[in-house]
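Biologist: I would like to learn how to read salt bridges in a model. Please start with a single residue and build up from there.

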Amino acid sequence: MESTAYTGSTRWDELVVNRIAINEPLQWLSKGWQDMRDAGRYSLAYGAAIVLISALITYLLYVTESQFLLPFLVAGFFLIAPFLGIGLYQMSAHLERGESLKTCNAVEAWKRNHTHISMITGGFLIIMQLWIATNYVLFSLLYEGISPPLDNFFENVFLSEKGRIFTIASIMVGFFFAWWAYMISVITVPILIDRKIDGFTAIRLSVKSVLKNMPAMMLWAFMIVLIVGIGLVTYYIGLLIALPLIGHASWHAYRALVPPS
């Protein structure tokens, strides 16, 4: 795949994004579903790999008696999900050009712009760590030690008076992290694997896309949380479909929001 040449423009008023209708995300989802069907076993295998990794991490948390971290890792999952879909974006790009998926993989996509993709991914892992650390601080302010007692965990954390304070604070902090992460990442990775462009400019294009199309992008955020959330509460089994669907649809979101250079 030939990358679009980087123009060198980073001025905000020169970053061009399209204005879209509020119902446009429904079309992305429809196109994503079609890509998932066309990709078949390749797309499902990608989803299955993420399901297995998620299950393994959860198992390790229980083995190490660190179950209290699970809600925050689930929330952190939403922060790094745009980067987990890199192979799915590449599949959609191949399908768009009518190319075979036999040689399509996430490493190929990463190599397109590996320096900036690696830097952006590292930045979001740091954000995820900050999110977890913030909740450690909240716990330490409400409980003795840095983690809550494991006995009667649910009652202590979510039903007690301290737990209600923690829940409200955690939701507020989580929303702050999640919304900013969403704005700066919603189409950043698809841009980086398709264009010869730096990470900072890709982030600015992503932010401008959200700000210029706030109603539609809020709907898209809600749809992502709903679909991936269903995948999570079904003991990760639903992620087998949810992640490929959102990943393929995100490629079409990028195509709709950023005009060809």
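**Reading the salt bridges**

Modeller: Glutamate 96 is partly exposed, at a relative accessible area of 41%. Buried means under 20% relative accessible area, exposed over 50%, and partly exposed in between (1.4 Å probe, protein chains only). This is a predicted model, in which local features need pLDDT of at least 70 and side-chain atom pairs count only at pLDDT 80 or more, while totals for chains, interfaces and linings use all residues. Residues are numbered from 1 along each chain as its sequence is written, and side-chain values use heavy atoms, with hydrogens and water left out.

Biologist: What counts as a salt bridge?

Modeller: A side-chain nitrogen of Lys or Arg within 4 Å of a carboxyl oxygen of Asp or Glu. That rule gives 3 salt bridges here.

Biologist: Which side chain does glutamate 96 meet in a salt bridge?

Modeller: That of arginine 255, at 2.7 Å, N to O. Glutamate 96 sits in helix α4 (residues 86-96) and arginine 255 in helix α12 (residues 239-257), 159 residues apart. Helices are DSSP runs (H or I, at least four residues), numbered from the N terminus. Arginine 255 is partly exposed, at 30%.

Biologist: Is aspartate 194 buried or exposed?

Modeller: Buried, with a relative accessible area of 4%. Its side chain forms a salt bridge with arginine 255 at 3.0 Å, N to O. Aspartate 194 belongs to helix α9 (residues 188-194) and arginine 255 to helix α12, so this pair ties together parts 61 residues apart in sequence. Through shared partners, salt bridges join Glu96, Asp194 and Arg255 into one network.

Biologist: Where does arginine 97 come in?

Modeller: Arginine 97 forms a salt bridge with glutamate 99 at 2.9 Å, N to O. Arginine 97 is partly exposed at 31%, and glutamate 99 is partly exposed at 35%.

Terms used. Helices (H or I, at least four residues) and strands (E, at least two) are DSSP runs, numbered from the N terminus.
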